[in-house]
Amino acid sequence: MARRASPPPGPCQEHEDARRSARAELEAARKDGTLALMQRGAPLPPKATGPGKTREQVISELLNETPQERRARMHMHSGS
């Protein structure tokens with residue numbers, strides 16, 4: 001009588017880890033709203049690279065910029 005081959009082993013641990021990681025990323029995207037944006041094809045907002053500035057800091061920078069800095073900023077925002 002011929003012996004049957006044993007069933008193939010289950011998924012390897014690396015694949016299980018990858019699946020677990022993908023599920024965690026999917027859940028995080030659901031919670032922070034990026035999944036909904038991606039499903040609609042909308043651009044994702046940029047990730048914050050550091051602490052933001054206060055309103056007062058921004059106003060101070062604008063009031064203290066040189067004429068050359070102001071021209072460069074205005075040119076950058078004009079799209080020309």
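Author: Let's start with a length check: H4 has twelve residues, and at 1.5 Å a residue they should span 16 Å, which agrees with its end C-alpha atoms being 16 Å apart. The expected span here is 1.5 Å times one less than the number of residues in the helix. Before going on, keep in mind that this is a predicted model, where local features need pLDDT of at least 70, side-chain atom pairs count only at pLDDT 80 or more, and totals for chains, interfaces and linings use all residues. Residues are numbered from 1 along each chain as its sequence is written, and side-chain values use heavy atoms, with hydrogens and water left out.

For the chain as a whole, the average is 87, and 85% of the residues score at least 70.

Helix H3 covers 55-64 and H4 covers 67-78, with Glu65 in the loop between them. Is Glu65 buried or exposed? Its relative accessible area is 18%, so Glu65 counts as buried; the cut-offs are under 20% for buried, over 50% for exposed and partly exposed in between, using a 1.4 Å probe and protein chains only. If you skip the neighbours within four places in sequence, Glu65 is in contact (heavy atoms within 4.5 Å) with Arg70 and Arg73.

The side chains of Glu65 and Arg73 make a polar contact at 2.5 Å. That term means a pair of N or O atoms within 3.5 Å; within protein, one must be able to donate a hydrogen and the other to accept it, and residues adjacent in sequence count only if both atoms are side-chain atoms. The pair also meets in a salt bridge, at 2.5 Å from N to O, which takes a side-chain nitrogen of Lys or Arg within 4 Å of a carboxyl oxygen of Asp or Glu. Arg73 itself is partly exposed, because its relative accessible area is 25%. At the other end, H4 is followed by Gly79, whose phi is positive, near 80°.

A search of the whole structure turns up five salt bridges. One of them joins Glu61 and Lys53 at 2.9 Å, N to O. Lys53 counts as exposed because its relative accessibility is 51%, while Glu61 is partly exposed at 42%.

Another is the pairing of Glu16 with Arg19, whose closest N and O atoms are 3.3 Å apart. Glu16 and Arg19 both lie in helix H1, residues 13-32, three residues apart, which is about one turn of the helix. Why does that spacing work? An α-helix has 3.6 residues a turn, so residues three or four places apart point the same way. Glu16 is partly exposed at 26%, and Arg19 is partly exposed at 36%.

H1 passes the length check too: its 20 residues should span 28 Å, and its end C-alpha atoms are 29 Å apart, which agrees. After H1 comes Gly33, with a positive phi near 90°. Thr34 is buried at 18%, and its side chain has a polar contact of 2.8 Å with that of Asp32. Leaving out neighbours within four places, Thr34 touches Ala29 and Leu44. Ala29 is found in H1, is buried at 13%, and on the same terms is in contact with Thr34 and Leu35.

How much of the chain is buried? Buried residues make up 5% of its 80 residues. The chain exposes about 7,900 Å², with carbon and sulfur atoms supplying 57% of that; such areas come from the Shrake-Rupley method with a 1.4 Å probe, and for residues only the protein chains shown count as cover.

Terms used. Helices (H or I, at least four residues) and strands (E, at least two) are DSSP runs, numbered from the N terminus. pLDDT is the predictor's confidence in each residue, from 0 to 100.
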